[in-house]
Amino acid sequence: MSELDVPISTAFDPFAEASAEDSGAGTKEYVHVRTQQRNGRKSLTTVQGLKKEFSYNKILKDLKKEFCCNGTVVQDPELGQVIQLQGDQRKNVSTFLVQAGIVKKENIKIHGF
């Protein structure tokens, strides 16, 4: 066996971490905040995993007003409702959710580059 026989992962799945952790029975409910590169300099920030008791449209309205950006609520068949915002708003969204009392800081996972 030579030194070059190192297993190489074939593909990187940014959503694998979220689905693997959410499958357990006693795990915490995390809110995942991600950024997705669109084209060139444009990017999206997605927020997934908020509890169903919250009004996504009201949260979106407050986020848009606070950060002067556009956004929408998208219905995904696997993930449920997902908030999408223009630009890289990961840190802004996480601090907003903690200050508003929607999510505790230890229950937020920030993904991205």
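Author: Let me start with a definition: a charge sits over a ring if NZ of Lys or CZ of Arg is within 6 Å of the ring centre and within 35 degrees of the ring normal. By that rule K109 lies over the face of Y30, at 4.8 Å from the ring centre. Before going further, please note that this is a predicted model, in which local features need pLDDT of at least 70, side-chain atom pairs count only at pLDDT 80 or more, and totals for chains, interfaces and linings use all residues. Residues are numbered from 1 along each chain as its sequence is written, and side-chain values use heavy atoms, with hydrogens and water left out.

Reader: Okay, and how many helices and strands does the chain have?

Author: The chain has three helices and five strands, where helices (H or I, at least four residues) and strands (E, at least two) are DSSP runs numbered from the N terminus. Read along the sequence, they follow the pattern α-β-β-α-β-β-α-β.

Reader: What share of the residues is buried?

Author: Of the 113 residues in the chain, 33% are buried, and here buried means under 20% relative accessible area, exposed means over 50%, and partly exposed is in between, with a 1.4 Å probe and protein chains only.

Reader: Which residues have the most contacts inside the largest nonpolar core?

Author: They are V47, L50, L63, I83, L85, V93 and L97, in a core of 18 residues. A nonpolar core is a set of buried Ala, Val, Leu, Ile, Met, Phe, Trp, Tyr and Cys residues joined through side-chain atoms within 4.5 Å. At least two residues of this core come from each of β1 (31–37), α2, β4 (80–86) and α3, and the largest share, five residues, is supplied by α2.

Reader: Take V93, then. What is V93 in contact with?

Author: Leaving aside neighbours within four places in sequence, V93 is in contact with V33, V47, L63, F67 and L85, with contact meaning heavy atoms within 4.5 Å. Across the chain, residues 24 or more positions apart account for 48% of the contacts with a separation of 6 or more.

Reader: You mentioned F67. Why is the pair of F67 and F96 edge-to-face?

Author: The two rings have their centres 6.2 Å apart and their planes at 75°, so the pair of F67 and F96 counts as edge-to-face. Rings of Phe, Tyr and Trp (its six-membered ring) pair if their centres lie within 6.5 Å, and planes under 30 degrees apart count as stacked, over 60 as edge-to-face and the rest as tilted. The pair links distant parts of the chain, with F67 in helix α2 (residues 56–67) and F96 in helix α3 (residues 90–99), 29 residues apart. F67 is buried at a relative accessible area of 19%, and F96 is buried at 15%.

Reader: Switching to charges: which side chains meet in a salt bridge?

Author: Those of R90 and D88 do, at 2.9 Å from N to O, and the structure holds one salt bridge. The term covers a side-chain nitrogen of Lys or Arg within 4 Å of a carboxyl oxygen of Asp or Glu. R90 counts as buried at 13% relative accessibility, whereas D88 is partly exposed, with a relative accessible area of 39%.

Reader: What does the side chain of S43 reach?

Author: The side chain of S43 reaches the backbone nitrogen of D88 at 3.5 Å. S43 is found in strand β2 (residues 43–48) and is buried, with a relative accessible area of 10%. Not counting residues up to four places away in sequence, S43 touches several residues, including T35, L85 and D88.

Reader: And H111, what does that side chain make a polar contact with?

Author: The partner is the side chain of H32, at 2.9 Å. A polar contact is a pair of N or O atoms within 3.5 Å; within protein, one must be able to donate a hydrogen and the other to accept it, and residues adjacent in sequence count only if both atoms are side-chain atoms. H111 lies in the segment after β5 (108–110) and counts as buried at 12% relative accessibility.

Reader: Last one: is C68 buried or exposed?

Author: C68 is exposed, with a relative accessible area of 72%, and is found in the loop between α2 and β3 (71–76). Phi of C68 is near 50°, a positive value in a residue other than glycine.
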